[in-house]
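Student: I would like to learn how to read a few features of a protein model, taking them one at a time. Could we look at it together?

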Amino acid sequence: MDMHTQELRTTCPLDCPDACSLILTSQDGKVTKLKGNPQHPNTQGFACVKMYEYPKRQYHETRLRQPLKRIGAKGEGRFAPISWDEALNDIATKLKAVIAEHGSESILPYSYAGTMGLLERDRPLAFFRALGTSELDWTICAATGGAAWEANYGPMRLSPDPEDVPYADFIILWGIDVMRSNLHLVPKLKAAKKRGTRIIHIDPFYNETSELADLHLAIKVGTDAALALAIGNIILSEGLEDKTYLANYANDLEAYRQAASLWPVEKAASFCDAKAEHILELAHSLTKHKASYIRVGYGMTRNESGGNALRAVTLLPALTGAWQHRGGGAALSTSGAFALNSKRYSGKHLLKPNVRHINMNCLGSALAQVEDPIKALFVFNSNPAAVAPDSSKVRQGLAREDLFTVVLEHFQTDSADYADYLLPATTFLEHPDLYTAYGHYHLQWAEPVVAPEGQAKPNSWVFAELAKRLGLQDESLYLSAEETAKELLSSDHPFLEGINFELLKEKSSLKLSLPENFRPYSQGSSFADGKIHFSPPPQQLEFCLKPSADYPLRLISPPGKHMLNTSMGNMETLIKASGGEPMMMINPKDAERYGIRDEMLAEIISPQGSIRRKILVSAKAKEGTLVALGQWWPKLAPDKKSLNDLTSELLTDLGGGSTFGNMVVRVVPL
């Protein structure tokens, strides 16, 4: 058989910050093996454990390969084959009727980052904006972190170049498990350690990143702002701040000084359940080492005080002036550097004034709305029946017989079971796309490397066909992938200088044209005044939802080793490696307190609902905390319920984000 390798540079479809440059081995037109490209500065020859399984996912026997029409009740998941023309004609006819009777805003697209390619992730939104449908606010993951960062540093989210991380002389990994959600940063962290750099990990859960670190601080969930303000208070009270840098580039430091003074060391140590000497060590190390680096994660933002927490943590490198030094600063996202010409590709120019916005964390309530109801729902690049908060309410909404639902998917997920029409989508191996990143500064173009399975079609094709049937005229709806990419790249921003589509297509991956000795925020912020905004100062907010006698444990859900989200949730090898079923972890003291034995089945109850899970007893879980290891498909859980049966639609303090790390629960042995 003819064996050959083909190099593909594309973004990892599992929504991680590393846009993966991959080498794929194909045999007879089918991908048989996947690995990282050793020549790429980020993948360096390896991929995560989940992506190694992608060839199996690509050709899985349950992959959707033809359009389907519902023949059973909503949620039963019974379908019959239908042709593309029949499906698209039926959908267009139904949409015309819905618009005529209820108006365009009765239609809602629900999507997110199931693919990270700009063309298949964002471009479908142009169809809905041309129709004037309700807008879905993408808030479930990064909205709070983004709003917090921009409150400090302005509209562009920038970070030190990860290729400079080996030069950092002190590193804090704060609220992030890099081994699971930023794996390609790990070699750079190890290079820094080899140079003698000390690494601290701050996280309520002891995981593989904790093992990489020199010290693990297991603070209480949701106390990050207090800890960061206490560090700031030590720095200011001892006069260790970079006075020159702050004088030039900070606003109203006095308001911040007053807020930080509310958190003396002993008070913060008690509140966070940390040792006072560790807090002092953090403050002194940040000021002693000029090129200190703080990598934060989005997990720390998913609670009532999450935005303030991230603001407080990421102001620390401004306080010490770390931004001025190679490898120094803080990192949340690099996404602000990809200054593409994005005026048309997702239909921003088609947005109707005063259109209704729906927060995606509140899908359950939106579907239950009686006045001006949602009458048609399109789901693509997401699985809301599993991932949206308050899953029982979401399922109730999806089960409405009067809700016309179309789902574009690779597999028959829990959400797909509720579809009226289920349409087979292409994977990232089967369509062309343009990829930015939020973990590095490489722009990438990927050609399809295999033919689509069966009758699978790209999202962009489906919505262009619907646009034709609905008589939509805007030219941008019908541009080819290459035409769209060329328009996106036609930017006059200096970071895109010298980059055009022809060159990118030839090279597949190009680094942005960053300035030499790139030091974001070394000379202030992206605000018009050029100042880093310490005012209004971040605060440690008091939670409305607190542990109590009825609900004594705080629930968090960090990424699992083999289960990160639901994208690979039906892969048998990953399910087996994860223990065959979803599990939770409890501290031995809590286990004894509530009568839990290792691997016992228990009922976990929150104010929103209850689920049943096997419980592992381990000191890796902090006392007072219950840890859910990854997100599973509900239909593959023993009780057929989602972890999000326990969560609520409560929103964060900034950005309207999700509060997945906020829920309080009790555990009852079964």
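Student: Which backbone atom lies 2.8 Å from a polar atom of the side chain of Asn359?

Tutor: Please keep in mind that this is a predicted model. The atom you ask about is the backbone nitrogen of Asn361, which lies 2.8 Å from a polar atom of the Asn359 side chain, and the backbone oxygen of Gly656 lies 2.9 Å from a polar atom of that side chain.

Student: Where is Asn359 found, and is Asn359 buried or exposed?

Tutor: Asn359 is found in strand S14, which covers residues 357–359, and because its relative accessibility is 15%, under the 20% cut-off, Asn359 counts as buried. Leaving aside residues up to four places away in sequence, Asn359 touches Asp137, Thr139, Leu651 and Gly656. Asn359 and Gly656 are 297 residues apart along the chain, and their C-alpha atoms are separated by 7.5 Å.

Student: How are two packed helices described?

Tutor: Two packed helices are described by the angle between their axes and by the distance between those axes. Here, the axes of helix H5 (residues 143–153) and helix H14 (residues 306–314) come within 8 Å and cross at roughly 45°, which means that H5 is oblique to H14. The crossing of H5 and H14 is right-handed.

Student: Which residues in H5 and H14 meet?

Tutor: From H5, Thr144, Gly145, Ala148, Trp149, Ala151, Asn152 and Tyr153 meet Gly306, Gly307, Leu310, Arg311 and Thr314 in H14. Sorted by class, the contact of H5 with H14 has five nonpolar, six polar and one charged residues.

Key
Residues are numbered from 1 along each chain as its sequence is written. This is a predicted model: local features need pLDDT of at least 70, side-chain atom pairs count only at pLDDT 80 or more; totals for chains, interfaces and linings use all residues. Side-chain values use heavy atoms; hydrogens and water are left out. Axes are lines fitted to C-alpha atoms, for helices over the stretch in contact, and angles run from 0 to 180 degrees between N-to-C directions. Helices (H or I, at least four residues) and strands (E, at least two) are DSSP runs, numbered from the N terminus. Angles under 35 degrees count as roughly parallel, over 145 as roughly antiparallel, 65 to 115 as roughly perpendicular and the rest as oblique. A crossing is left-handed if the near helix is turned anticlockwise from the far one by less than a right angle, and right-handed if clockwise. Contact means heavy atoms within 4.5 Å. Ala, Val, Leu, Ile, Met, Phe, Trp, Tyr, Cys and Pro count as nonpolar, Asp, Glu, Lys and Arg as charged, and the others, Gly among them, as polar. Buried means under 20% relative accessible area, exposed over 50%, partly exposed in between (1.4 Å probe, protein chains only). A polar contact is a pair of N or O atoms within 3.5 Å; within protein, one must be able to donate a hydrogen and the other to accept it, and residues adjacent in sequence count only if both atoms are side-chain atoms.
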